Amino acid sequence: MYEVEYSALSDIGCERSDNQDRWGADGEQRLFIVADGVGGSRDGALGAQTMVDILPGYVAHHLPPDTRDEPDAAERLGRAVSELSDDLHEKAQTDARFAGANSTLVTVVIAGSRALVAHLGDSRAYLLRDRQLQRLTRDHTLVQALVDAHQVDPEDTRLHRARSVVTRYMGMPPPARADASAVELSAGDRILLCSDGLHGVVEQGALAQILDANREPGHACAALIAAARDAGGPDNITALVRNVSGSQH
């Protein structure tokens, strides 16, 4: 089992009046979360906070310690995310406070030598290894669907008007289907979870450079948020950085 050092920061950005991003961590489960209230929903901040507060319980139920080495561990994490989304949608039918409490969610569980990843929406997970940054998630957005259909060039997505229109999110009409995957870890790896307020304005190459130049997670988070603000900071910005160090034990 690798040692995991992490830090996270969230910033309102330069144009918003409130921050609807949230992040969370459960050290015992080695679980990390970033959630972003869906634009246009009535209470995205409540949705994002609910994800951070409640997901650990769903993960504990679906992914107990004795299952984390199983081949279907990532699928189990995905089921936890999907079930929470469906339960949130059901709750919204009888509790008006949750009628507009929708958010994105990206979560990672460090399970032995693997990182288990699950998400709904356009908050992302990245892996930095040997100075190369790899995306571990695929956005659930209208513009990504257009890219997949070869109707939009990937280089044009950052400025496309459909960039922020999410097609899957927490609290969506069921059944929610979270994407889930697993990646083998190596000592020295860095994992970044972030909202689109970061990856939407700072290019992937720049993210890699900032992470590489700031080994300490807290410094990396501060530098990432500063870069997003320098780029205009049109949205809330959240970054969670984890270092994977040592050897398995």
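In what sense do S2 and S3 pair, and over how many bridges? The two strands run antiparallel and are joined by six bridges, where strands pair if DSSP finds at least two bridges between them. The model is predicted, so local features need pLDDT of at least 70 and side-chain atom pairs count only at pLDDT 80 or more, while totals for chains, interfaces and linings use all residues. Residues are numbered from 1 along each chain as its sequence is written, and side-chain values use heavy atoms, with hydrogens and water left out.

The chain contains six helices and 10 strands. Helices (H or I, at least four residues) and strands (E, at least two) are DSSP runs, numbered from the N terminus. Of the 249 residues in the chain, 53% are buried. Buried means under 20% relative accessible area, exposed over 50%, and partly exposed in between, with a 1.4 Å probe and protein chains only. Among contacts with a separation of 6 or more, 72% are between residues 24 or more positions apart; a contact means heavy atoms within 4.5 Å.

A second hairpin is formed by S6 and S7, with two residues between the strands. Here S6 (residues 124-129) and S7 (residues 132-135) are antiparallel and joined by four bridges. Arginine 129 faces glutamine 132 in S7, and aspartate 130 in the turn has a positive phi of about 50°.

Rings of Phe, Tyr and Trp (its six-membered ring) pair if their centres lie within 6.5 Å; planes under 30 degrees apart count as stacked, over 60 as edge-to-face and the rest as tilted. By this rule there are two aromatic pairs. In one, the rings of tyrosine 6 and tryptophan 23 are edge-to-face, because their planes stand at 70°, with the centres 6.5 Å apart. Tyrosine 6 belongs to strand S1 (residues 3-11) and tryptophan 23 to strand S2 (residues 21-26), so this pair ties together parts 17 residues apart in sequence. Tyrosine 6 is partly exposed, at 35% relative accessibility, and tryptophan 23 is partly exposed at 33%. Tyrosine 6 also pairs edge-to-face with phenylalanine 32, at 5.0 Å centre to centre and 65° between the planes. This pair links S1 with S3 across 26 residues. Phenylalanine 32 is buried, with a relative accessible area of 4%. Through these ring pairs, Tyr6, Trp23 and Phe32 are linked into a cluster.

Next come the nonpolar cores. A nonpolar core is a set of buried Ala, Val, Leu, Ile, Met, Phe, Trp, Tyr and Cys residues joined through side-chain atoms within 4.5 Å. The largest has 33 residues, of which Leu55, Val59, Val81, Leu105, Val109 and Leu116 touch the most other members. Two or more residues come from each of strand S3 (31-37), helix H1 (44-62), helix H2 (73-92), strand S4 (103-111) and strand S5 (114-120). H2 contributes the most, with eight residues. Beyond its neighbours within four places in sequence, leucine 116 contacts residues including Leu63, Ala73, Leu77, Val109 and Ala182. A second, separate core has 19 residues, among them Leu128, Leu133, Val202 and Ile225.

Helix H2 has 20 residues and spans 29 Å from its first C-alpha to its last, close to the 28 Å expected at 1.5 Å a residue; the expected span is 1.5 Å times one less than the number of residues. Its buried residues include Ala74, Leu77, Val81, Leu84 and Leu88. An α-helix has 3.6 residues a turn, so residues three or four places apart point the same way. The buried residues of H2 pack against H1, S4, S5 and strand S8 (179-184).

Alanine 227 lies in helix H6 (residues 217-230). Apart from neighbours within four places in sequence, alanine 227 contacts Val202 and Ile210. The C-alpha atoms of alanine 227 and leucine 198 are 8.3 Å apart, with 29 residues separating the two along the chain.

Finally, the structure holds zero disulfides, a disulfide being a pair of cysteine sulfur atoms within 2.5 Å. Cysteine 14 is partly exposed at 41% relative accessible area, whereas cysteine 221 is buried at 0%.
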